[in-house]
Amino acid sequence: PPLVKGGRDDRDDIDSLIPSDTTAVMVRLCEDDYPGWLDLRDVELLDAAETVYYPLVLSEAQIRDKLPIAITFARDAMNQSNYYLWGGTVGPNYDCSGLMQAAFVAAGIWLPRDAYQQESFTKPISFSAAEPGDLVFFGTAEKATHVGLYLGDNRYLHSSGKAQGRNGIGIDVLSEDGDEVSQCYYRQLRGYGKVVASYQSRNWA
């Protein structure tokens, strides 16, 4: 995404906005509003935007048709050698919400970055209404801290850590009768969410 929104494509213009004693600048991704820091030594690695960013608008029906792509991406990611990487959004190593974001991006659908943001973004649904491609949320009573991709038949795919999980991508069951990892997450189950839109940045205009 462009370092400066609004269609600037002149690197001199970008440089003029940065004080001379600055070593890094805060950036925000157009696609999901996620903030981060860019080391100025890496500015030369960026390409200036040639067009103004506009968010992708998809209907619920269009998203439903694209869900098999997201599921296939997640399954393929699981079949590669991987481990859980906190903050990971690029394969082969993901965190839970990074894997969800990458899988949906592969289908042309943008999600917010973190599990609690993805929960707020999706349409809450009951377990009986959950379908393959919906999201499953775990955590505390106050906040979602983990997310997985529902596959149907009480199964979901997720990237989980060492202390509480499989240190990578795996499939678990939503049941008290599952193995230790499945039971651990099942006790933290918060609910289910259906993706009905592609995320539109609040700051793109």
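1. Strand β1 covers residues 24-28 and strand β2 residues 35-39, and the two pair in the antiparallel sense over five bridges. Within this pairing, Ala24 has Asp39 of β2 as its bridge partner. Strands are said to pair if DSSP finds at least two bridges between them. Helices (H or I, at least four residues) and strands (E, at least two) are DSSP runs, numbered from the N terminus.

2. A word on the source: this is a predicted model, where local features need pLDDT of at least 70 and side-chain atom pairs count only at pLDDT 80 or more, while totals for chains, interfaces and linings use all residues. Residues are numbered from 1 along each chain as its sequence is written, and side-chain values use heavy atoms, with hydrogens and water left out.

3. Six strands make up an open sheet with antiparallel pairing, in the order β3-β8-β4-β5-β6-β7. Its edge strands are β3 (123-125) and β7 (168-173), each of which pairs on one side only. On average, neighbouring strands here are turned by 40° against each other, direction ignored. Axes are lines fitted to C-alpha atoms, for helices over the stretch in contact, and angles run from 0 to 180 degrees between N-to-C directions.

4. Pro124 stands opposite Gly193 in β8.

5. Two helices lie across this sheet. Helix α2 lies across β5 (144-152), β6 (155-160), β7 and β8, and runs at about 115° to β7. Helix α3 lies across β4 (135-139), β5, β6 and β7, at about 45° to β5.

6. How do these helices meet? The axes of α2 (residues 60-78) and α3 (residues 96-106) come within 7 Å and cross at roughly 130°. That makes α2 oblique to α3; angles under 35 degrees count as roughly parallel, over 145 as roughly antiparallel, 65 to 115 as roughly perpendicular and the rest as oblique. In the contact (heavy atoms within 4.5 Å), α2 supplies Leu67, Ile69, Ala70, Phe73, Ala74 and Ala77, and α3 supplies Leu99, Ala102, Ala103, Phe104 and Ala106. By class, this contact has 11 nonpolar, no polar and no charged residues. Ala, Val, Leu, Ile, Met, Phe, Trp, Tyr, Cys and Pro count as nonpolar, Asp, Glu, Lys and Arg as charged, and the others, Gly among them, as polar.

7. Which residue forms a salt bridge with Arg190? The partner is Glu119, with the closest N and O atoms 3.0 Å apart. This pair links distant parts of the chain, since Arg190 is in strand β8 and Glu119 in helix α4 (residues 115-121), 71 residues apart. A search of the whole structure finds seven salt bridges (a side-chain nitrogen of Lys or Arg within 4 Å of a carboxyl oxygen of Asp or Glu).

8. Finally, two backbone details to look at. Most residues other than glycine have a negative phi, and most peptide bonds are trans. Asp153, in the loop between β5 and β6, has a positive phi near 55°. The peptide bond from Gly91 to Pro92 is cis, with omega near 10°, and Pro92 is in the loop between α2 and α3.
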